[in-house]
Amino acid sequence: MRPAIYSSSRLAIFLLIAAATALPQQQKKEAPPTPTPAQAQAPVAKSVSESVAELNARIAALSAASKVKQGEYVIGSGDLLTIEVFDVPELSRDIRVNEEGFISLPLIPTKIRASGLSPYQLQDKLAELLQTNGLVSTPQVNVSVKEQHSQPITVIGAVKSPMVIQALQKTTLLQALSQAGGISDEAGTTVIVTRPATDPDDPATQTNGSVPAEPQSFTINIADVLNSGDARFDIPLIGGDVVSVPRAGIIYVVGSVQRPGGFLLQNDLDKMTMLKMLSLAGGATNTAKLRNAVILRKNPDTGARDQVPVDLKKVLELKSQDVLLHDNDILYVPDSAGLRALHRVGDIASTLTAGVGIVAAGRI
C-alpha cells in the first residue's frame with residue numbers, strides 16, 4: 001500500500017502546484033493591457049464640429065455672464081411709442097415716429113420731435129407742452145418703446161443663424177454672436193465690425209456721441225474676446241453696425257500622403273506653404289513621386305484650375321524655395337499610377353477631393 005500512497009500524494013501535490021501556477025497566468029492574460037506613457041499622453045483628436053461646439057458654449061456662457069451697463073435708449077425714426085397721459089384717455093395712444101423723427105398728438109398744434117430723445121426726456125417734453133397749451137393742469141405722462149426699428153444690428157457670415165438684431169438694450173459683440181447661435185464650423189478666427197458714418201440730418205445721430213462722423217471698421221480676434229477678459233475686445237455695438245464672421249480658407253492635400261484631407265485654416269492663412277501642409281498631412285508615402293507634385297489653383301479669369309508643377313523633393317532638400325499656398329489650392333502628390341491618371345481626369349478638383357475629410361489646421 002505504501003507505493004500507492006506515495007504515488008497518490010505526489011500526484012495531489014503536482015496538481016495543486018499546477019493549479020496555483022495556472023491561475024495567476026490566466027488572470028494576467030485576462031487583465032487589460034496597461035497603456036504606455038506615450039499612449040497615455042497622446043491627445044484625443046477632435047473634429048471641427050466638436051471644437052466649434054466648445055467655442056460656442058464659451059461664447060454663450062460669457063455672453064450670459066457679461067454685465068452690460070444699460071444706458072438710456074435713444075428714440076429713432078420708425079419706433080412705435082406708447083404714450084399714456086394719466087386720467088386723460090383721449091391723449092393716450094400708440095404713435096409711430098415718422099421718417100423725419102416727429103410725432104403728432106391731438107390738440108397740440110405743432111409736431112413734436114421725438115428722435116434723438118430718451119423716453120424720459122420725451123415724456124417731460126410732452127408734459128410741458130400739455131401744460132403750456134392749457135390742456136392738462138398737472139400732466140403725468142409715461143412714454144415707453146413698444147416696437148423698436150431704428151437700431152438694427154446685422155450679423156452675417158460664418159454664423160449658425162445670420163440675423164438682424166433690434167438692439168433694445170446695449171448689446172456687445174459676444175451677445176450678438178450668441179444670439180446668432182455662435183459661429184459655424186467653417187468660421188475663421190476674426191470678426192469684422194463695420195460701423196456706418198453719421199447722417200448729419202438725423203438728430204438721433206447728432207445726439208449720440210458713439211456714432212462716428214466717418215465709416216469705421218474693426219477687426220477683432222475671437223481668441224482675444226474669449227481669453228483676454230478685456231472689455232476692449234467685447235466692444236459695445238450700436239444701431240447700424242454690421243458684424244461679419246469671415247469663413248476660414250481650406251487647402252487640400254491629396255494623393256500619396258499619410259493623411260489626405262482638406263485643412264481648415266483657422267490660423268496663419270497667409271503663411272501656409274507646401275512644407276507646412278505636407279507636415280499636416282503626415283508626410284509623403286514611400287511610393288510618392290515628389291518631383292512630380294502639382295498645385296491645382298483656380299484661375300480667377302477663366303474659373304478653371306491651372307496645374308502648377310512643383311518639385312517637392314528639391315524643396316525638402318532645401319535646394320528650392322518653399323511655395324506659398326492660397327485659399328482653395330489643391331496640393332497633389334502623385335505616385336506612378338496617379339501621375340498617369342492626372343492627365344486623364346476630366347474634373348480634376350472634384351475627383352481628387354471627393355470623400356476627403358475636413359480637419360482644423362489651427363485652433364483658436
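# Burial, pairing and contact in a predicted model

Guide: In this predicted model, residues 24 or more positions apart account for 60% of the protein's contacts with a separation of 6 or more.

Visitor: How many helices and strands make up the secondary structure, and what share of the residues counts as buried?

Guide: The secondary structure comes to 11 helices and 18 strands. Of the 364 residues, 35% count as buried. The accessible surface is about 21,300 Å², and carbon and sulfur atoms hold 55% of that area.

Visitor: Why is Leu177 called buried?

Guide: The term applies under 20% relative accessible area. Leu177 has 2% relative accessibility, and therefore counts as buried. Its place is in helix H5, residues 173-179.

Visitor: Which residues are in contact with Leu177, leaving aside its neighbours within four places in sequence?

Guide: Contact requires heavy atoms within 4.5 Å. With those neighbours set aside, Leu177 is in contact with Ile59, Val159, Gly182, Val191, Val243 and Val245. A further pair to consider is Leu177 and Ser63, which are 114 residues apart in sequence and 8.7 Å apart in space, C-alpha to C-alpha.

Visitor: What is the reach of helix H4 from its first C-alpha to its last, and what is expected?

Guide: H4 covers residues 119-132, and its 14 residues reach 20 Å, close to the 20 Å expected at 1.5 Å a residue.

Visitor: Why are the buried residues of H4 said to line one face of the helix?

Guide: The buried residues of H4 are Pro119, Leu122, Gln123, Leu126, Ala127 and Leu130. Seen down the axis of H4, they fall within an arc of 140°, so they line one face of the helix. On the other side of H4, Tyr120, Asp124, Glu128 and Thr132 are exposed, the cut-off for that term being over 50% relative accessible area.

Visitor: Against which strands do the buried residues of H4 pack?

Guide: They pack against strands S1 (80-85), S3 (102-103), S4 (112-113) and S5 (141-147). Just after H4, Gly134 takes a positive phi of about 70°.

Visitor: What makes S7 and S10 edge strands of their sheet?

Guide: Five strands form an open sheet in the order S7-S6-S12-S9-S10, with mixed pairing. S7 and S10 (216-221) each have a single partner strand, so one side of each is left without a neighbour in the sheet. Direction ignored, neighbouring strands of this sheet are turned by 20° against each other on average.

Visitor: Where does Val164 lie, and which residues is it in contact with?

Guide: Val164 lies in strand S7, residues 163-166. Leaving aside its neighbours within four places in sequence, Val164 is in contact with Pro152, Ile153 and Thr154. Val164 and Val243 are 79 residues apart in sequence and 9.9 Å apart in space, C-alpha to C-alpha.

Visitor: How do you know that S6 and S12 count as paired, and in which direction do they run?

Guide: Pairing requires at least two bridges. Four bridges join S6 (residues 152-157) to S12 (residues 242-245), and the two strands run parallel. The bridge partner of Val155 in S12 is Val243.

Visitor: What joins S13 to S14?

Guide: Five bridges join S13 (residues 249-255) to S14, and these strands run antiparallel. Tyr252 stands opposite Gly262 in S14.

Visitor: What makes S14 mostly covered?

Guide: Five of the five residues of S14 (residues 261-265) are buried.

Methods
Residues are numbered from 1 along each chain as its sequence is written. This is a predicted model: local features need pLDDT of at least 70, side-chain atom pairs count only at pLDDT 80 or more; totals for chains, interfaces and linings use all residues. Side-chain values use heavy atoms; hydrogens and water are left out. The expected span of a helix is 1.5 Å times one less than its number of residues. Buried means under 20% relative accessible area, exposed over 50%, partly exposed in between (1.4 Å probe, protein chains only). The arc is that of the directions from the helix axis to the C-beta atoms. Accessible areas come from the Shrake-Rupley method with a 1.4 Å probe; for residues, only the protein chains shown count as cover. Axes are lines fitted to C-alpha atoms, for helices over the stretch in contact, and angles run from 0 to 180 degrees between N-to-C directions.
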